Every structure is written in C-alpha cells, then in structure tokens.
Amino acid sequence: MDLMGPNESWNLFKSVAFANEALPSELETIGKRIAEKCHGLPLTIVVVAGLLKSKRAIEDWKSVAKNVKSLVTNDPDERCSRVLGLSYNHLTSDLKACLLHFGIFREDSEIPVKKLMRSWMAEGFLKLENDLEGEAEKCLQELVDRCLVLACKKSIDGTKIRSCKVHDLIHDLCVREIQRENIFIMNDIVLEFDSGWTYLSMQKMQPFKCRTKIDYCHRGLFRALLTPVHRQLRDHDSNDLLKQTHSIFSSFCNLPINFLKSELIHFKLLKVLELRYIEIDHFPVEILSLIWLRYLSLLCHEENLDIPPEICRLWNLQTFIVQGQQTYIVPSVLVTFPEEIWGLMQLRHLKLPRFNLPDCPSGSVDKGRHLDFSNLQTISYLSLDCCTKEVIMGIQNVKELGIRGYETDSNSILNNLVHLQQLEKLSFIFCFAHFPASAKAFPATLKKLKLESTFLSWLYLDIIAELPNLEVLKLMGFACDGEEWTPNVRGFTRLKILLIEDYFLEYWNATDDNFPVLERLVLNKCHNLKEIPIEFAEIHTLQLIELTRCLPKLGES
C-alpha cells in the first residue's frame, strides 16, 4: 500500500476510533493532529486509533498527541513490530542489508541517494559486479515499491530518486535488527578521558537521536560498522574489534583529525571511511595503509589539497569525495592528483569541488598497455584546462561529467568531448571557454546539459538545439548573456524539460516549432521576463509550467 494523505489518514482513524459512534467535536482537532503524526502509515493509524477507542477524556488524547510513537512502541500486542517484521523477513539477504543500512543514519533524516548507493556498493551488499549502480537502483526501487523506503525528492524529469528516508517505525525496526548482529554490528567510537590522557574507545551502539551537538560530542564521535564474528573472519580475529571494523562514519563534531589519525593504521580491513565532519589541511598519509578502502570522503578547509603518489596503494577505491566550504564564485578547494591516480582501476565516482588530472600515461610495464579509468561513471568537477585529448581518452566510459574552470590557452579543448561516447549528463560551471562551433563536437549520446555562469550568447543555443538526444536543458544563473532570446532553428527535437534561471532575460521570441515535444517549463528568478511565448499554447505535449520568484505579469501571460 502507498502511504496515506491527510484526509485518508483521518478517515481511517475515525472509522477505527469511533466506529459507529458520533464524533465528539472537542476530539476532532486533537484527533486530526494524532492522525497526522502517524505519517500516513495505515498500520500505525489503526494501532493508535484502536488504543484510543476506549478513551474519551481529552487529557488522554492530548497525552497521546505529544508522543504518538511511544504509544505504538509500547503496544502490548506488538502489532506494528510483528507486521513490519513480517515485511522484513520476506526480503532477500541483499535487500535486508540495504534496508538495515538506514539504521546508521539519524531518525527521520533525508539521505542523498547517490551517497546511499555508493555506500551499499562499498559495503559489498550488491551481487552484480559489472553494473553496481544499476543493481543499487533496482534494490532501492524495490524497497520503495514495498513502501519500506520513502522517496523524498526526484530529479527534474521524475526518472531518478534524489533523496529518501524511512518511516520512524521502520528506523526502529532497522536498529532492532542491527542489534541482533546477524548482518553487521554497529558500535559508537567515543572519546574517553583518563588520568590526563585522551583516547578513543569503542562502545555498544546507541541509536542516533535528536541530541544537541554538545551532548552528542560527549557520546560518540564516530559510528562504526563491524563484521559479525561468525562471518568472514578467522578464529584468532574474532575478538579483535579493530579487524572486525569495516566502516567508520564521522558524526556532527567538528574535530581535528588528530583524534583518529593515529588509530587508522589499526583498522586494517576498513572499506568505508567517511570523515565529512572532520576538517583536514592536508591528505592524511595514515589513510594510505587502508588497502581495502572502497569509499573515502574528506572535508578540506585549505585552498589546495595535493594527493600523494602513494594513493595508488588504495587499489580497491571506488568512490573518492572531497568537500570544501563552498563560495559562490570560487570553489574553496583545488585538488591536484599525481600521475599515479590512473592506477586506481576500480574507481567509479570522483566528486570534488575542482581538481586537476594529469594526462593519462601512454603506456605501462606490460608492453604499452594503455591505462584508463574503464569503470569511472561520474566525474565532477574537472578543471577546464585538463580536458586534453589524453585525459578524455582515459575516461571514455564516463556517463556524468562536470567541468569547472576559467579561461584556457586552447581554443578547441572542448572539442575533445566528442570522444566520450557513453556520456549522458554534462555540466559546465564558470567556464569562460571557446565552446565548440558545431553540435557534432558534443557526444551524440548527451541527454542532460546544465550551464551555469558560462556567459554564452543566446545565439549559441541554436547550436545546443541541434543535439540529437538532448532531453533536459538547465540554464542556470548567468548561463547566457543578454536580454533577448530568439531561436533561429527548428531544433530541440527531443527536449522534454527546460529550466531557465536568468535575471536579465526580457524578451523570449520563440514558437512551438522551436520546442516541439516540450513537457515541462520551469522559470526561476526571471525578474525581467514579462511574457511566455503565446505559441507555446500549441505545444500539445506541454503538461506543466512552473514559475518561482518571477513577475506577476509572467504568470498572467
């Protein structure tokens, strides 16, 4: 079943709580509030309404409204637990592991899907080795279809889930099942003080709750996932918590990495290291000993981060993320890779504010074999001047590419993109480059294009219009320069979604022939645009026009 809306929830609640009785007016308002706090889960609504069926004092109802969840948790018949447990028990082993992974996050938190799926891949929850991303998407969709996971945000074309969460009762189920320690063990790494010494120790997991930042810092600095003793460990390793630990996630505390650096060398089998709440000023060399690492996420507060040549030791690495303090114009961190980065053949996802990638080595020890990132799926943001033919030929299988840069000495460097025959999604941010003079210089496979602060002429979009498979075009702030857009070609033959965010566009002279299959038009912050082309009424595929922070006249048009 799908989750219920407010009206459906209230009708179900009434039918159970009052059956054939008349509804007392003084209980209606408080009853609707209780029904709303069940978050649309029919099972919760039935249990809560059933427990209130024999109570008519408004004080009892107000007490329940304050904490609906505790009433369900303390239900003597454990109806919710039994039914949700049944749903869980019918899952396959890989789906069970994927669902339980939600238990490491705080209750009611919205989780970016890409981060979630890349964690699943690194943890080894998925079976298919050749299409890990496709397998992860299938697992997530199956959990959504079973209403165990809620889709929160979707991509602009509605085809991809961008963020998700679980109902608080499902979260409780995950934590309970984790505590059984069948699939993995979850512990907290906490800071201990003894006789003037400060050290880290591991304790039994305490479920994440909405504690204050200060209170949580005293509780646990990191969350650790461990392999159960009965799985994948030799007998003499079974009592070694450090060897059992395969994942470490930092919590809220903005601590110096010194608290963890000296300990890292002992976590020899670590697969996931997520330190996005701990600032670094250089790459921690202690990480280089973690040869089984598949997922690495760091936070850097310096302008430059140089990756050492020994990065090649992390030969299992699949995902590498660096975050910085983002400013509007300049990314706060420039990451520079050594040539040895090309030795990481398992790499699938690079997400960095901006990074320099050296040219791909032309040969290697085994008689000139060309090194490349054959498994690399997504890259952002590659420096503009690194889009050389040597680099582009080394990332030929990439599906998503973000390019960020300023001016470059080469007038034709972006022509190299034509070699990316698997590319579906392309983004340019702060690129003041000479864009290709022909649509044929772009990969024909391109489906989504995003331009931001590129200051292109509106006339250049006549070239973009000729891209044969383009379905989504996002023109973000300062993508184009000028006040008037008059398309001159009958293009955009497959464009379904057009997003324009432009402060200066005043006149848009277009016809239905320019956008023959457009389904969705999104206009955001178009402060000077007064009219949508009247011929758009003839676009028979058009389903939605969405205006945000635009002139009232635009809405009237």
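## Pockets

On a 1 Å grid over the protein atoms alone, a pocket is an open set of points where a 1.4 Å probe fits, with protein on both sides within 12 Å along at least five of seven lines. A lining residue has an atom within 4 Å of a point. Grid points are joined across faces, edges and corners, and a volume is the space filled by probe spheres set on the points. What we have here is a predicted model, where local features need pLDDT of at least 70 and side-chain atom pairs count only at pLDDT 80 or more, while totals for chains, interfaces and linings use all residues. Residues are numbered from 1 along each chain as its sequence is written, and side-chain values use heavy atoms, with hydrogens and water left out.

Let's start with the largest pocket, which has a volume of about 1200 Å³. Its lining is made of 40 residues, and Lys114, Lys351, Ser380, Tyr381 and Lys425 lie nearest its centre. Sort that lining by type and you get 17 nonpolar, nine polar and 14 charged residues. (Ala, Val, Leu, Ile, Met, Phe, Trp, Tyr, Cys and Pro count as nonpolar, Asp, Glu, Lys and Arg as charged, and the others, Gly among them, as polar.)

The second largest pocket comes in at about 950 Å³. It is lined by 36 residues, with Glu137, Thr159, Lys160, Glu400 and Lys448 closest to its centre. Here the lining splits into nine nonpolar, eight polar and 19 charged residues. Helices α8 (113–123) and α9 (132–145) and strand β3 (161–165) each supply at least two of the lining residues. Helices (H or I, at least four residues) and strands (E, at least two) are DSSP runs, numbered from the N terminus.

## Helices side by side

Now for α2 (residues 25–36) and α4 (residues 58–66): their axes come within 9 Å and cross at roughly 15°. Axes are lines fitted to C-alpha atoms, for helices over the stretch in contact, and angles run from 0 to 180 degrees between N-to-C directions. So α2 and α4 are roughly parallel (angles under 35 degrees count as roughly parallel, and 65 to 115 as roughly perpendicular).

Which residues of α2 and α4 make the contact? On α2 they are Glu26, Leu27, Ile30, Gly31, Arg33 and Ile34, and on α4 they are Ile58, Trp61, Lys62, Val64 and Ala65. Contact means heavy atoms within 4.5 Å. By type, this set holds seven nonpolar, one polar and three charged residues.

## Helices meeting α9

Helix α9 has two partners to look at. With α7 (residues 93–100), the axes come within 10 Å and cross at roughly 80°, so α7 is roughly perpendicular to α9. Asp94, Leu95, Cys98 and Leu99 of α7 meet Glu135, Cys139, Glu142 and Leu143 of α9. That contact has five nonpolar, no polar and three charged residues.

With α8, the angle is about 115° and the axes are 10 Å apart, so α8 is roughly perpendicular to α9 too. From α8 come Val113, Leu116, Met117, Trp120 and Met121, and from α9 come Leu132, Glu133, Ala136, Glu137, Cys139, Leu140 and Leu143. Ten of these residues are nonpolar, none polar and two charged.

Most residues other than glycine have a negative phi, and most peptide bonds are trans. Two spots go the other way. Ser380 and Tyr381 are joined by a cis peptide bond, with omega about -10°, and Tyr381 sits in strand β14 (residues 378–383). Both residues are also among those nearest the centre of the largest pocket.

Asp108 is not a glycine, yet its phi is positive, about 70°. You can find Asp108 in the loop between α7 and β1 (111–112).

Methods
Parallel < 35°, antiparallel > 145°, perpendicular 65-115°, else oblique.
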